[in-house]
Each structure stands twice: as structure tokens, then as C-alpha cells.
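User: Could you walk me through how to read a cavity and a sheet?

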Amino acid sequence: MGGKAALILVLGYSTIILIIGLNMNNISTTAVDNSAGYYENSFAKEIARSGVNFAASNLSRSSSWEPSSSPYSFNGIENLAISVRDSGDIKIVTSTGTHQGKSKTIEVKIAMASFSQYAYFSDVEGDVWWSEKDSVWGPFHTNDNIQVQGHPYFAGPSTSHGGTMKYYTNKTKDSPTIIGTYSPGLTIDIPTDGITNLAAYSSAGGCVLSGSEINVEFKGDSIKYSTTNPKKYKTVLGSDLAPNGVIYAKNADVRIEGTVKGKWSIGTNKNVYIENDIVYADQPDPMDKNDPSQDLLGIISQNNVIISDNIANRSDVNINAAIYCQDGSFTVENLTTRALSGSINLIGGITQKTRGGVGTFIVNKFGKVIALSGFSEKDYKYDSRLLRKVPPYFPSTNTFKILSWLE
């Protein structure tokens, strides 16, 4: 009995070891399969990502680009399919990569980036300083140095510049408060065709005004305008005057004011003068990018956008608009001689070639800022809707921005 028991015991151990060995082998095989599957899936995903980058690169050069050669070959196999769909101002790029029977799809929504996305943008700052009374809410960028005095306030989400930070006295006394991402050393070019493009769109469903003196007043659903001196006004429905929302003054300054309803862009290859408040009928909460207000205005000038020196603008001025000065500045008439005029209350954004002055000041021996002329305060609030919405045919940065990425 002792010999049989020993034999049974040996056979039992051998069976257990055999089962363990088979299980180990199965586990090992499964691990290899999982590893191979992970590799194939990852490879397919990288092919799909390459397709997105390929499409984005081509769209940045031509917004009408289409993937006519899809499916594309990667390593000699047609394993990359790309499609581009238009959805209003948004393009939807779908890229599917395949490797060894595994496929991965990535869908990306992109939109043409516009200069209206900036709360403040300048190419040249010149000898103008940001003072302790200044605050900018929203994306800020200059290609020049930032000159600061007495802790001005920049509330992102992004702040960037291509030059250096210059302090009026020293860093301790003048360093600005910056909220959000800060990216020095970044340069963004202003395009040279913004006004040319606007003129073309005004001739294709918009309105071209010409005359000796052009005045435009927004009056809700209507537009009141004159092209003569002395003024002879006409009032028409805005939708009849310019169905695509573009009003262009050809070879003449244009003077604007009023209450804006709907989406509009008004511009000229000369100067734009702001004669009085120009505000939205439904004023949005500037901090709410999803605010339901449908009112949006772009003021677009080849040269300058100028706040007129008149009685209406002597005690504050309210401006709701994205402003663009291709070769000039956002500034005021009679900068050094006009009376103190209170505050510029802006909801929107400013893009300008060269920063213009809106007031003058000195700093006394106690470090106190003393206003001398013009607007002593600037309350610039970024209209957060400009992260999602663009005034009609507002000049583009010629780049796309990614709105969403799904994979």
C-alpha cells in the first residue's frame, strides 16, 4: 500500500504541475496577444493623428483644401482616410488610421482664428505706458515690449509679448499683475489684406458707401446714413442695406454711433471716427462666452479708429465692438489738447498696428499719477463671446484654432 500511495501522490503532483504549466502558457499567450493588440491600436491611432496634422497643415495654407487623394498610403498601404466637412464657420476633420486590421478614428473641430479673439493686440507699443489705472480683461498680446507703471492688471486667459517687460521705476514698484498663461517671446504678424478682403465682401452682398462725408448711425433694426456735406440722411432697414452685414466706406472717413442690433462689420480704407456711444441693443455679460445676445460689431480701419473730440465724448464714452486698425491706431482726436474726458468703457477688443494714446499724464514726486488730457481711465472688458463668435469678415490671423478633439 505504501508503494501505491507514493505513486498516486507523484501522479497527483505531476497533474497539478501540468495544469499550472498550461495556465501559465495561456496567460503568456494572452499577454502577447494583448501586447500585439495594444501595439496595433496605438499604431492605428498615430496614423490617424498624422492625418489630422496633415489636414490642419493644408487647411492653414488654403481654407478650401480638400483631401482629394484619400485614402492615403502609409508605408505603402492605403490605410489613412481623411474627410473635411463644413459646418458654418467650423470645419470638421475626420481621420481614420488602420493597421493590421485595427482602426482608430479621430474627429477634430477647427475654426479660422480671427483677430477679434483678442482683448488687446498691438504690433508696436511705442512710448505709451500701461499705468496703475489700466486693466485689460481677456487675451492680450503685443509684438513689442510692454511698458508698465504702478502695477497695471492683465487678466488672461493668455498674455504674451514678443519683446521685454520695461518698468517705469523698477520691478518692485511697477510689476504688473498677470492672471492666466504668460508667454513671452511670441510674435504674431498682422495681415496686410484685411481691408482689401472687407472691400471685396462689401461688393458681394454688402453695402459700399462713397461721398464727401460719410456718417452712419445704427438705430436697432435700421441704419441711418448720409454721404454728403451738408448731411442728407436716409434711414433704411439694415437687412435691406447690407444683407451680409458689411458696410464699407470707399476712399472716405466714416463717422459712426448708435445702437447696434444683429451682426455687423463697418470699415474703410481711411479712418473711422466714433462720434458718440456705440453699443449693443442687447448688451451681453462680457464674462459669459455663451451669452445669448446676437449683437456683434466689428470696426475695421485701414488707418485709425479715433474717438472724436466733441461734446458727446467729453464725459466717458461707451464702445461695444471688436476694433481693428491695420496700419494705424486706436486713439483720440486732439490727444494733448482735449479736455479731460473721463473713461473709455469698452466691451470687445482692440487690434492695432501701433498703440495710440488716449490720454496724457505725469507722475508727481509722490508717485501719484496726474491726468493732463483725454481719457484718464480705461475700462477694457473683453467680450468673451469673441472666443466663439466673429463679426462678419473680420480679419483673420490665417491660422486655425482647435475647438474640440475626439478620439
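**Cavity and sheet**

Analyst: Let's start inside: the largest cavity has a lining made of Asn-215, Val-216, Glu-217, Lys-224, Tyr-233, Arg-255, Ile-256, Glu-257 and Glu-275. On a 1 Å grid over the protein atoms alone, a cavity is a set of points where a 1.4 Å probe fits but cannot get out, and lining residues have an atom within 4 Å of a point. This is a predicted model, where local features need pLDDT of at least 70, side-chain atom pairs count only at pLDDT 80 or more, and totals for chains, interfaces and linings use all residues. Numbering starts from 1 along each chain as its sequence is written, and side-chain values use heavy atoms, with hydrogens and water left out.

User: Which elements give two or more residues to that lining?

Analyst: Those are β13 (214-220) and β17 (254-260); strands here are DSSP runs of E, at least two residues, numbered from the N terminus.

User: What is the volume of the largest cavity?

Analyst: About 30 Å³, taking volume as the space filled by probe spheres set on the points, with grid points joined across faces, edges and corners. The count is 1 cavity of 30 Å³ or more.

User: And the sheet: in what order do the strands come?

Analyst: Strands pair if DSSP finds at least two bridges between them. Here 5 strands make an open, antiparallel sheet, ordered β1-β2-β3-β4-β28. β1 (72-74) and β28 (396-406) are the edges, each pairing on one side only.

User: How many bridges join β3 to β4?

Analyst: There are 10 between β3 (residues 90-99) and β4 (residues 102-114). Lys-91, for instance, has Ile-110 in β4 as its bridge partner.

Conventions: On a 1 Å grid over the protein atoms alone, a cavity is a set of points where a 1.4 Å probe fits but cannot get out, and a pocket is an open set with protein on both sides within 12 Å along at least five of seven lines; lining residues have an atom within 4 Å of a point. Helices (H or I, at least four residues) and strands (E, at least two) are DSSP runs, numbered from the N terminus.
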